[in-house]
Amino acid sequence: MVTVKVLTNNKSIQSIQVRGHAEYADPGQDLVCAGASSIGIGALNGLDELFNEDVHLEIKDNSILIQVLNPKDELQTVLKFLMEQYKTMAEVYPNNIQIVWKEV
């Protein structure tokens, strides 16, 4: 299962971590995993280009991490947009993607 863990503080997103495999289909055929990965990598590319000084970005085998260093309003809007994409996937594929929200 793909797990999207979101840490917030006063409704402001502090970090997003995406880990795991969807296990919807065989490796190389898993469209759910490919969709989740595409959303995450596209977000990393955009955040690196638009908010390079405001975020720490990591991509490792089976894991994407976005840490907010400077919670600008524009950045929060982009992160909320990103989470809407993951929420849509989790609604359609609840057995393959879960979102965990935690207030810190």
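Colleague: What pattern does the protein follow along the sequence?
Modeller: The model is predicted. It holds two helices and five strands. Read in sequence order, they give β-β-α-β-β-α-β.

Colleague: How compact is the protein for 104 residues?
Modeller: The C-alpha trace spans about 40 × 25 × 20 Å along its principal axes. The globule rule gives 13 Å for 104 residues, and the radius of gyration is close to that, so the protein is as compact as a globular protein of that length; the radius of gyration is 13 Å.

Colleague: What share of the contacts with a separation of 6 or more comes from residues 24 or more positions apart?
Modeller: Contact here means heavy atoms within 4.5 Å. Among contacts with a separation of 6 or more, residues 24 or more positions apart account for 53%.

Colleague: How many residues apart are Tyr24 and Tyr93?
Modeller: Tyr24 sits in the loop between strand S2 (12-19) and helix H1 (31-50). Tyr93 sits in the loop between helix H2 (73-92) and strand S5 (97-103). The pair links distant parts of the chain, 69 residues apart.

Colleague: Is Tyr24 buried, exposed or partly exposed?
Modeller: Buried needs under 20% relative accessible area, and exposed needs over 50%. Tyr24 has 47% relative accessibility, so it counts as partly exposed.

Technical notes
Residues numbered from 1 in each chain as written. Predicted model: local features only at pLDDT ≥ 70, side-chain atom pairs only at ≥ 80, totals over all residues. Heavy atoms only, no water. Helix = DSSP H or I, 4+ residues; strand = E, 2+ residues; numbered from the N terminus. Rg over C-alpha atoms; globule rule 2.2 N^0.38 Å. Buried < 20%, exposed > 50% of the residue type's maximum accessible area, 1.4 Å probe, protein only.
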